Amino acid sequence: INAKTRLIIINNPNNPTGKVLDREELIRLGALLEGTSTLLLSDEVYEHIVFDGVLPQSVIGIPTLRERSFVVASFGKLLHTTGWKIGYCIAPPQLTQEFRKVHQFNVFSVNTPMQFAIAEYLEDISYVKSLSEFFERKRNLLKDGLKGSRFKVLPCEGTYFLNIDYSAINQEKEFEFACSLTRQHKIATIPLSAFYKKATNQQVLRVCFAKKDETLLKAVEILNKV
């Protein structure tokens, strides 16, 4: 690794779009990088939250990507412990050696009790098999509930976020409309423009459906009246 080494960063499944890169797309990415010194940072924290029969895909499973990739994952998403802020990185030995040089100066306080708790829980991870079904049902609860609204629900293949297009309601910029939903209707959303370096407006908001069913049903009731 040197100062001229290039790095590509991907997020799969993707937040905020909900897009999941399939195996063929990852193979094509591998073909593009083959013969180069480019490294890949793959954020796969939502790897087990995929819907409609989609299988989780990791760059680890692609030979042309495996040896050049850092894979970042999170126990927070996997175990519903986002506030614990504990994750991990998988990389080949030569990259792990370099990663450790940076890591030792960035992480100081991953507390011991939570590490022991996660280690004990991971002795039986059979529940992971039901994680996609659990969140797919919540996605469908929100998506189906908004069919009669003026919002257009955009495709969501993974993660626990749903994007909704409000262009049929008004022409406000995303930030202003998100603020008005919060103030007037007590619904908190995230404007997609928050994910862009340059100012942009697509009239799309991101909604989190990792909530109790009664919370989602209340949100549906409110949004259908907007």
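The largest nonpolar core counts 36 residues, with Phe151, Phe177 and Phe209 making the most contacts inside it. A nonpolar core here is a set of buried Ala, Val, Leu, Ile, Met, Phe, Trp, Tyr and Cys residues joined through side-chain atoms within 4.5 Å; buried means under 20% relative accessible area, exposed over 50%, and partly exposed in between (1.4 Å probe, protein chains only). Two or more residues of this core come from each of α3 (75-78), α6, β6 (161-165), α7, β8 and α8 (213-223). Of these, α8 gives the most, with five residues. Helices (H or I, at least four residues) and strands (E, at least two) are DSSP runs, numbered from the N terminus. Apart from this core lies another, of nine residues, including Leu29, Leu40, Val59 and Leu65. In soluble globular proteins, nonpolar side chains tend to be buried together.

A word on the model itself. It is predicted, so local features need pLDDT of at least 70 and side-chain atom pairs count only at pLDDT 80 or more, while totals for chains, interfaces and linings use all residues. Residues are numbered from 1 along each chain as its sequence is written, and side-chain values use heavy atoms, with hydrogens and water left out.

Back to Phe177, which touches Phe151, Tyr166, Ile169, Asn170, Glu172, Leu205 and Val226, leaving aside residues up to four places away in sequence; contact means heavy atoms within 4.5 Å. Phe177 is one of the buried residues of α7, along with Glu174, Ala178, Cys179, Ser180 and Leu181. Together, the buried residues of α7 pack against β7 and β8. The helix itself (residues 174-185) has 12 residues and reaches 16 Å from its first C-alpha to its last, close to the expected 16 Å, where the expected span is 1.5 Å times one less than the number of residues.

Lys186 is not a glycine, yet has a positive phi of about 60°; at 66% relative accessibility, Lys186 counts as exposed. Most residues other than glycine have a negative phi, and most peptide bonds are trans. Cis bonds turn up too: one joins Asn12 and Pro13, with omega about -5°, and another joins Asn15 and Pro16, with omega about 25°. Pro13 sits in the loop between β1 (7-11) and α1 (23-33), and Pro16 is found in the loop between β1 and α1 as well.

On the surface, Ile190, Phe195 and Tyr196 form a nonpolar patch with about 260 Å² of accessible area together. Patches are made of residues with over 30% relative accessible area and no salt bridge, joining like charges within 9 Å and nonpolar side chains (Val, Leu, Ile, Met, Phe, Trp, Tyr) within 5 Å. A salt bridge is a side-chain nitrogen of Lys or Arg within 4 Å of a carboxyl oxygen of Asp or Glu; areas come from the Shrake-Rupley method with a 1.4 Å probe, and for residues only the protein chains shown count as cover. Tyr196 lies in the loop between β7 (190-191) and β8 (204-208) and, at 41% relative accessible area, is partly exposed.
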